[in-house]
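Subject: Structure handover

Hello,

Here is the structure for you to look through. Please open it alongside the notes that follow.

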Amino acid sequence: MVKAYQRYALAAPPGGSLGVVTSTTCGDVLWADGTGSTCLSATLDAISLWNLRTGVQVGVLREEGCEAEVSAMAISGNKGTYIAAGHTDGKVRLWGRTTLQMHVALDGHKSAVTTLTFNSEATMLASGSADTDIIVWDVVAEVGMFRLRGHKGAVTSVAFMSGGTKGLLVSGSKDALVKIWELAGQHCVQTLVGHRSEVWSVAVELAHDRLVTGGADGELRLWNISKRDKQHRAGQE
């Protein structure tokens, strides 16, 4: 039986390249809105907004006087109300998507911010850092809510599970561990052991009650998420 696969070709602009040199500390590229016509990329100490139809840089997000490179990015929701940029100086800078103006610089980490994620309501932002800490921020009040400590290596990935401030957060780290955090109690409720090396990415899929983790050991691990006592917990592989 012959299987046919869809081929992808470079699109406009001519040659399909925007000629962008991104930060060596951040390889993230994000869709900037729900139209699929613009994207964001890290360019040294700034974030560039690109029109994909014309290949033209239509915006630059850079704080005057900031020389720290962008090390992580995240955008809130499909329409992208907020853009979050983590930097190597440990700060998280929040920008307005439509205005391209900076709202606030959140200072809490001791070293480079390595991962960022918004919750589904865009009211909270979680940041992980090379300092091994996770900070949960209140986006509306523009302040830190609490710090989560427990990893022994740099935090590489974070994801909200559900439930707002009463929900859970999952994190992966270079210590080869995946941790489940209860936001209301601000503590780790479960540690998932299985990866033999650094965990690089975590992804939550609540519609089918699943969690996927990927690591430097070359493995993807699928975990079931079951409801117990009206609370989500990670189960067995």
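With which side chain does the side chain of asparagine 119 make a polar contact? The partner is the side chain of glutamate 121, at 3.0 Å. Bear in mind that this is a predicted model.

**Asparagine 119**

Start with its place in the chain. Asparagine 119 sits in the loop that runs between β9 (113–118) and β10 (124–129). Is this residue buried or exposed? Asparagine 119 has a relative accessibility of 6%, and buried means under 20%, so it counts as buried.

The side chain has a backbone partner too. One of its polar atoms lies 2.9 Å from the backbone nitrogen of threonine 123.

Now look further along the sequence. Leaving out residues up to four places away, asparagine 119 touches Met124 and Phe160. Phenylalanine 160 is 41 residues from asparagine 119 in sequence. In space, their C-alpha atoms are 5.7 Å apart.

β9 and β10 are antiparallel and pair over five bridges. Valine 113 faces serine 129 of β10 across that pairing. Five residues separate the two strands, and alanine 122 in this hairpin has a positive phi near 60 degrees.

Alanine 126 has valine 136 as its bridge partner in β11. These two strands also make a hairpin, with four residues between them. In that turn, threonine 132 has a positive phi of about 80 degrees.

How many of the residues of β10 are buried? Six of the six are, so β10 is largely enclosed by the rest of the structure. Cover comes on both faces. On one side, Met124, Ala126 and Gly128 are buried. On the other, Leu125, Ser127 and Ser129 are buried. Met124 is also one of the residues that asparagine 119 touches.

**The sheet of β1 to β4**

Four strands make an open, antiparallel sheet in the order β1-β2-β3-β4. Which strands stand at the edges? They are β1 (29–31) and β4 (56–61). Each has a single partner strand, so one side of each lacks a neighbour in the sheet. From one strand to the next, the twist averages 25 degrees.

β1 and β2 (residues 38–43) run antiparallel and are joined by three bridges. Within that pairing, tryptophan 31 has cysteine 39 of β2 as its bridge partner.

**The whole chain**

The protein chain has 20 strands and zero helices. It contains 237 residues, and 48% of them count as buried. Its accessible surface is about 12,400 Å², with 50% of that belonging to carbon and sulfur atoms. Take the contacts between residues at least 6 apart in sequence: 35% of them join residues at least 24 apart.

**Confidence**

The average pLDDT of the protein chain is 84, and 82% of the residues score at least 70. Residues 228–237 have a pLDDT below 50. In the model, that stretch makes 26 contacts beyond near neighbours in sequence. Where pLDDT is low, predicted coordinates should not be read in detail.

Best wishes

Note on methods: Residues are numbered from 1 along each chain as its sequence is written. Side-chain values use heavy atoms; hydrogens and water are left out. Buried means under 20% relative accessible area, exposed over 50%, partly exposed in between (1.4 Å probe, protein chains only). Contact means heavy atoms within 4.5 Å. A polar contact is a pair of N or O atoms within 3.5 Å; within protein, one must be able to donate a hydrogen and the other to accept it, and residues adjacent in sequence count only if both atoms are side-chain atoms. Two strands pair if DSSP finds at least two bridges between them. Axes are lines fitted to C-alpha atoms, for helices over the stretch in contact, and angles run from 0 to 180 degrees between N-to-C directions. pLDDT is the predictor's confidence in each residue, from 0 to 100. Accessible areas come from the Shrake-Rupley method with a 1.4 Å probe; for residues, only the protein chains shown count as cover.
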